[in-house]
Amino acid sequence: MAVEFGIDRIGEAAPVLQGRRIGLITGPTGIDAEWRSTIDVLQERFGLAAMFSPEHGVRGDIAAGGLVDTYIDERTGVPVYSLYRKDSKRMTPDMLEKIDVLVYDIQDIGTRYYTYVYTMLYAMQDCAAAGIPFVVLDRPNPLDGVTLEGGLLDRAYSSFVGDYPLPVRYGLTAGELAVMANAEQGWGAELYVVSCRGWSREARFPALGRPWIAPSLNIPRWETALLYPGTCLFEGTNLSEGRGTAAPFEQIGAPFVDAERLAAEMNALLLPGVRFRPSYFQPSSSKHAGALCRGVQVHVTDTDAVRPLEVGVRLLLAVRSMFPEAEFLAPYREGGRPFIDLLAGGDLYRGMQSAADADALLERFAADSEAFAARKAAYHLY
């Protein structure tokens with residue numbers, strides 16, 4: 001039997017939604033068990049007053065980093081306001097005046113870098129300040145609710161790819177994270193979580209009996225999401241992370257990389273659950289667009305054994321050691337801060353020079369994750 005998501009149990013939220021001006025934050029992953037979009041479900045059952053767009057747009061048609069404009073949704077006639085603007089990712093007083101309650105329904109991928117949870121947390125905080133109820137239609141964490149990886153974000157490195165003290169792979173649903181942040185930050189939000197039914201914390205997405213809908217253009221498969229905690233780190237380098245190819249975040253490379261040599265080096269590490277294949281690709285967009293890149297494609301051989309963040313850390317070290325052209329300070333974003341630091345939640349990777357450094361870093365990550373496991377347990381809903 002398929003797991004029921006929050007949207008499948010929307011009747012639970014009827015007392016909060018009925019007769020109110022409803023706002024909705026969603027994306028293309030917002031569908032129910034009958035393949036109806038959350039937009040249509042709420043519009044037909046309660047009526048929508050407004051929608052609020054995260055990165056990639058409510059219909060998923062905006063590329064990564066592309067700013068979203070305010071517009072009228074063609075299908076519903078409902079106005080869509082941007083929560084992904086150059087000047088701010090927050091709700092404005094004008095937006096808040098248009099609604100009596102705000103609903104959030106997006107399939108996240110359980111990785112700290114992904115921006116949707118910060119859209120959720122910012123909106124919840126803004127609603128709390130305005131006295132507006134906030135409803136999360138919960139969905140399972142597709143990477144499971146148990147496995148953790150990575151160290152905690154240093155608040156000095158807060159950005160829209162990391163703005164809460166979480167490990168990289170944090171093992172919470174969006175609803176659980178909302179409950180945690182509301183309690184830990186003392187926001188006092190009137191928060192309602194419509195929980196899933198039938199999800200076990202150990203279950204990953206393929207066991208849920210539901211279709212994988214790409215949460216953004218560059219996460220086309222669940223296996224992509226599984227590797228993303230590690231391969232996303234290459235966004236902070238001058239290597240391609242596979243954007244503009246058929247395998248984003250599953251392959252990395254650059255014109256200066258020796259593909260065969262890198263694959264051999266990585267396979268010699270015998271990392272659990274993965275194999276590395278020499279890969280040659282020509283991105284149609286993003287870094288090295290139109291140029292022949294050489295590198296590796298990461299193939300998952302055991303989804304239970306793979307530790308994607310370790311894969312990313314070891315791959316970063318190998319590239320840096322083998323190819324002097326590799327640059328970890330590019331591209332710069334957010335006031336000149338290296339993007340690799342924002343992804344890391346600190347200046348961790350730029351000082352990594354040897355296998356011993358990587359070992360020490362991963363040991364530190366394990367200790368941080370263990371401490372976070374104890375902290376998060378108080379907020380489990382499943």
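1. Start with threonine 115, which is placed in the loop between S5 and H4. Helices (H or I, at least four residues) and strands (E, at least two) are DSSP runs, numbered from the N terminus. At 8% relative accessibility, threonine 115 counts as buried. Buried means under 20% relative accessible area, exposed over 50%, and partly exposed in between (1.4 Å probe, protein chains only). Neighbours within four places in sequence aside, threonine 115 is in contact with Glu55, Phe160 and Val161. Contact means heavy atoms within 4.5 Å.

2. A word on the basis of this note. The model is predicted: local features need pLDDT of at least 70, side-chain atom pairs count only at pLDDT 80 or more, and totals for chains, interfaces and linings use all residues. Residues are numbered from 1 along each chain as its sequence is written, and side-chain values use heavy atoms, with hydrogens and water left out.

3. Now the aromatic rings. The structure holds 11 aromatic pairs. Tyrosine 114 and tyrosine 116 form one of them, edge-to-face, at 5.2 Å centre to centre and 85 degrees between the planes. Rings of Phe, Tyr and Trp (its six-membered ring) pair if their centres lie within 6.5 Å; planes under 30 degrees apart count as stacked, over 60 as edge-to-face and the rest as tilted. Tyrosine 114 is buried, at 6% relative accessibility. Tyrosine 116 is buried too, at 2%.

4. Tyrosine 114 also pairs with tyrosine 228. This pair is edge-to-face, with 5.6 Å between centres and 80 degrees between planes. Tyrosine 114 lies in the loop between strand S5 (101–105) and helix H4 (116–130), and tyrosine 228 lies in helix H6 (residues 222–231), so the pair ties together parts that are 114 residues apart in sequence. Tyrosine 228 is buried, with a relative accessible area of 5%. Tyr113, Tyr114, Tyr116, Tyr228 and Phe249 form one aromatic cluster.

5. Two rings have a charge over the face. Lysine 89 lies over tyrosine 84, at 5.0 Å from the ring centre. Arginine 210 lies over phenylalanine 5, at 4.0 Å from the ring centre. The test is NZ of Lys or CZ of Arg within 6 Å of the ring centre and within 35 degrees of the ring normal.

6. Strand S1 (residues 22–26) has 5 of its 5 residues buried, so it is largely enclosed by the rest of the structure. Ile22, Leu24 and Thr26 point one way from S1, while Gly23 and Ile25 point the other way. S1 pairs with S5 in the parallel sense over 5 bridges. Two strands pair if DSSP finds at least two bridges between them. Isoleucine 22 stands opposite valine 101 in S5. S1 also runs parallel to strand S2 (residues 50–53), joined by 3 bridges. There, the bridge partner of glycine 23 is alanine 50 in S2.

7. Look next at threonine 38, in helix H2 (residues 38–45). Threonine 38 is buried, with a relative accessible area of 0%. Beyond its neighbours within four places in sequence, its contacts include Leu24, Thr26, Asp105 and Arg139.

8. 3 strands form an open sheet in the order S8-S10-S9, with antiparallel pairing. Strand S8 (251–254) and strand S9 (274–281) stand at the edges, each with a single partner strand, so one side of each is left without a neighbour in the sheet. Neighbouring strands of this sheet are turned by 25 degrees against each other on average, direction ignored. S8 and strand S10 (residues 293–300) pair over 4 bridges. Glycine 253 has glycine 295 in S10 as its bridge partner.

9. Helix H7 (residues 259–267) lies across S8, S9 and S10, running at about 170 degrees to S9. Axes are lines fitted to C-alpha atoms, for helices over the stretch in contact, and angles run from 0 to 180 degrees between N-to-C directions. In H7, Ala259, Leu262, Ala263, Met266 and Asn267 are buried. They cover an arc of only 125 degrees around the axis, which puts them on the same side of H7. The arc is that of the directions from the helix axis to the C-beta atoms. The buried residues of H7 pack against S8, S9, S10 and helix H8 (308–322).

10. Leucine 361 counts as buried, at 10% relative accessibility. Its C-alpha atom is separated by 8.7 Å from that of glycine 151, 210 residues apart along the chain. Neighbours within four places in sequence aside, leucine 361 is in contact with Leu348, Tyr349 and Met352.
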